[in-house]
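Me: Can you walk me through this one? I'd like to start with how the parts get their labels.

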Amino acid sequence: MNQFAKKRDISFSDLLKVILENINQIFKHSLILTLIFIGLSFLIKPSFSTTSVLFPYKDASNMSSLLQSTIGITSMYPNQSDDLSRIYVDLFKSNDFIESTLNKVIFDRNNEESSIFDLKYSEELEEFNQDQINMIIYESLIDNNLSVSYDSYTGLFYIELKFKDPKFNFNYHNQLINSFDYYLSDLKNKKLILKTDALTIEQSNILLELEKLEKIKKEFLENNRAILNSPTLSNELYKIEREIRLKESSYLAISNQIQMNRVDISMKGNNFRIIQAPVEPLRPNLTKIEISILGFLIGLSSSTLFIFFKNYRKSL
């Protein structure tokens, strides 16, 4: 055991000696890479990130079941908030939603009007039609600028954007959140409008049936004036009146449901709570100093490894 430790100490001291003997070469190589990385930091535009955290309301007009039936997604999770977060993430990254934001006006750091379409469009796309261009821009945005995820434990879902312009990033992030809130309401309302239309038709049919029953009752009373003296006729009148009461109850219940649906349809937004709102970034993801330090560390480690393998490759 002592003999092994002694060999290890000697090996380490030899390595340290080799490094010290070549310290000038290591420092020179590290300095060169540092200067290269500094140059790259001036050539490459820095990117800025914004993040936000949203929490879906669990009881927002049975949003989960409404959205599932509207977009054809079946429930996979027993936890409603988790299921709703998963649906929100899928919808947020959907082509249908993202395309609706491509041409919306966004102000950049120079306070000039711009848009995602203006930012992503290039002459290379001229050979494609409009639908193909939108799809290419959508894929580029999803791959390079937008990241969306959710936490199955907390039910939260997270949005991150990366752009070269911090002001543009911040404004587009806020616009995405607001647009998504209204987008969810529109999806929900499509289903509610269909349900309301069906209920309105059913209500009209019940009203026609009530009018027929009232007419039957009126004719029955006119044709049977001695009804009080006849148990059979009284029983028949009771059946007619009972059927009228049932129809009236159904009519009132459907009327209440229609009114509730119309109230829900009139309410726009408020489908989630913003736990963490996006903040305009003040510094890029990697500063010039951090890039310089990264270049120095890469130069230091690579030159040290090169010298190590150069001197000990035979023993390896």
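Reply: Helices and strands here are DSSP runs, numbered from the N terminus. A helix needs at least four residues, a strand at least two. Keep in mind that this is a predicted model.

Me: Okay. Where does Glu123 lie?

Reply: Glu123 sits in a loop. That loop runs between helix H6 (116-120) and helix H7 (130-144).

Me: Is Glu123 buried or exposed?

Reply: Exposed, because its relative accessibility is 67% and the cut-off for exposed is over 50%.

Me: Which residues gather with Glu123 in a patch of negative charge?

Reply: Glu124, Glu126 and Glu127. Together with Glu123 they form that patch on the surface.

Me: Switching topic. Which residues make the nonpolar surface patch?

Reply: Phe27, Leu31, Leu35, Ile293, Phe296, Leu297 and Leu300. The patch covers about 640 Å². Helix H2 (23-43) and helix H10 (288-312) each give two or more residues to it.

Me: Which one gives the most?

Reply: H10, with four residues.

Me: And Leu300, where is that?

Reply: In helix H10. Leu300 counts as partly exposed because its relative accessibility is 34%.

Me: Now the inside. Which residues touch the most other members of the largest nonpolar core?

Reply: Phe92, Ile116, Phe157, Tyr172 and Phe180. The core has 33 residues. Elements giving it two or more residues include helix H4 (80-92), strand E5 (157-163) and helix H8 (166-223).

Me: Which element gives the largest share of this core?

Reply: H8, with eight residues.

Note on methods
Residues are numbered from 1 along each chain as its sequence is written. This is a predicted model: local features need pLDDT of at least 70, side-chain atom pairs count only at pLDDT 80 or more; totals for chains, interfaces and linings use all residues. Side-chain values use heavy atoms; hydrogens and water are left out. Patches are made of residues with over 30% relative accessible area and no salt bridge: like charges are joined within 9 Å, nonpolar side chains (Val, Leu, Ile, Met, Phe, Trp, Tyr) within 5 Å. Accessible areas come from the Shrake-Rupley method with a 1.4 Å probe; for residues, only the protein chains shown count as cover. A salt bridge is a side-chain nitrogen of Lys or Arg within 4 Å of a carboxyl oxygen of Asp or Glu. Lys and Arg count as positive and Asp and Glu as negative; His and the chain ends are not counted. The place of a charge is taken as NZ of Lys, CZ of Arg, CG of Asp or CD of Glu. Buried means under 20% relative accessible area, exposed over 50%, partly exposed in between (1.4 Å probe, protein chains only). A nonpolar core is a set of buried Ala, Val, Leu, Ile, Met, Phe, Trp, Tyr and Cys residues joined through side-chain atoms within 4.5 Å.
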